[in-house]
Amino acid sequence: MRCAFGRRAAPILAGLAVLVGAWGDAAAGQAHEGFAPGQDAPPAYGLTAFYEPPKDLRRFRPGDVIRTEAVPAPAGAQAWRVMYMSTTWDGRRTPVTGLVIAPLGHASAPRPVLAWGHGTTGAARGCAPSLAQDPAQEFLARGGVNPVDVGVPYLQDLLARGYVVVATDYQGLGGPGHHQFLVGDTAARGLLDSVRAARKLDVQAGSRVSLMGWSQGGQTVLFAGEIAKAYAPELKLDGVVALAPVTSLMSPLIDQFFRSNTPHVYLIAEGFSSAYRLPMDAFTPRGRALVDAASKSCILEVFKEAGTSPVAGVTGNITASKGWKDALARNDAGLRPAAAPVLIVHGSADTIVAPAGTPLYVQRASALGDQVSVEWLAGGDHRSIIPDGKVRILEWLDERRSEDR
């Protein structure tokens, strides 16, 4: 394992406390990375007709394009919203939306594809990044009229390198259904099917694919790397870049985390109860109300709602509730071999995704024989790693692309 941008200090290994401590403070209404008391929380985007799928979807297979809609693109590129067919973790077909952004002009060979997995936006359909007025742009942090982060990091650099860039919204965001938040296999299938969809458009998208995701999307790309050979064997993965990924839900402090009144608890509850039909007996009436609010809101609204109540949302241990322990454990990354080398970029001061989860993932993945590199950004937080990691990430993608396979 390679470590750079500073030493991997002992506080990282002790960082499991961050999982509970930082979020406990945030839920009590204190300032927190990416969230602040009184912060403006724009409402979820309104859905347009594009996001309502046709009634008869029987002829569409995973990766088939259902419809497209042109959107503004960066100079020298073209872009579309796309709706395509995918499947959930248990094989149920579901329409998913996202973006395809491609260089203009003719290429002398098939273009490589970069699939982006965005960070947490919420669970409501209106939290899809592709719903933004100008979604095909460089990464733009939420705020103003945007309730969620939009765009793709390093987009201009990727287009200049000839990539076709795809950005799934994930199942249940934009398209219909309950968003299965942190259900890794569902999101991974949606990501891989977005690549398949791009290859069916007239953009010369080839079979060589790189994956890059952040936070929730970090888990998505790790899972996509694990299922790619079985789910989409026609794709050839060059590499997987995971920025501050959620890797280790079954941490030693997961029960305390669920009692911390963290907004992400209610997103997980909404997604897992829908995906696995799990009981909600560990949740108080207030907790169940917050789960319902999470299903209708984007992340800033959920944060504000959770922070207004001192009433506990969860009582007892979530892992004692039927099915929950197994469901959480099956969504740890690194339980199956990866189809390509993996680069993890994580900040040592991240208070959203505890840095301690990364060494746990590396132990599991290394035991399977995976090739994993870790770049620690000393003092980096959850968001600063996106600009601060740019040079190394693009360098690593270039190295992977240059190798013959």
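I began with Trp116, which counts as buried because its relative accessibility is 2%. I take buried as under 20% relative accessible area, exposed as over 50% and partly exposed as in between, with a 1.4 Å probe and protein chains only.

I am working on a predicted model, where local features need pLDDT of at least 70, side-chain atom pairs count only at pLDDT 80 or more, and totals for chains, interfaces and linings use all residues. I number residues from 1 along each chain as its sequence is written, and side-chain values use heavy atoms, without hydrogens and water.

I checked confidence next. The average pLDDT (the predictor's confidence in each residue, from 0 to 100) is 91 for the protein, and 90% of the residues score at least 70. Residues 1-31 stay under 50. For that stretch I found 78 contacts (heavy atoms within 4.5 Å) beyond four places in sequence.

Back to Trp116. I placed this residue in strand E4, residues 111-117. Strands (E, at least two residues) and helices (H or I, at least four) are DSSP runs, numbered from the N terminus. The largest has 43 residues, and Leu211 and Tyr361 touch the most other members. Helix H5 (residues 216-231) gives this core its largest share, 7 residues. Another core, of 34 residues, lies apart from it, with Phe181 and Val314 among them.

Technical notes
Core = buried A, V, L, I, M, F, W, Y, C linked by side-chain atoms within 4.5 Å.
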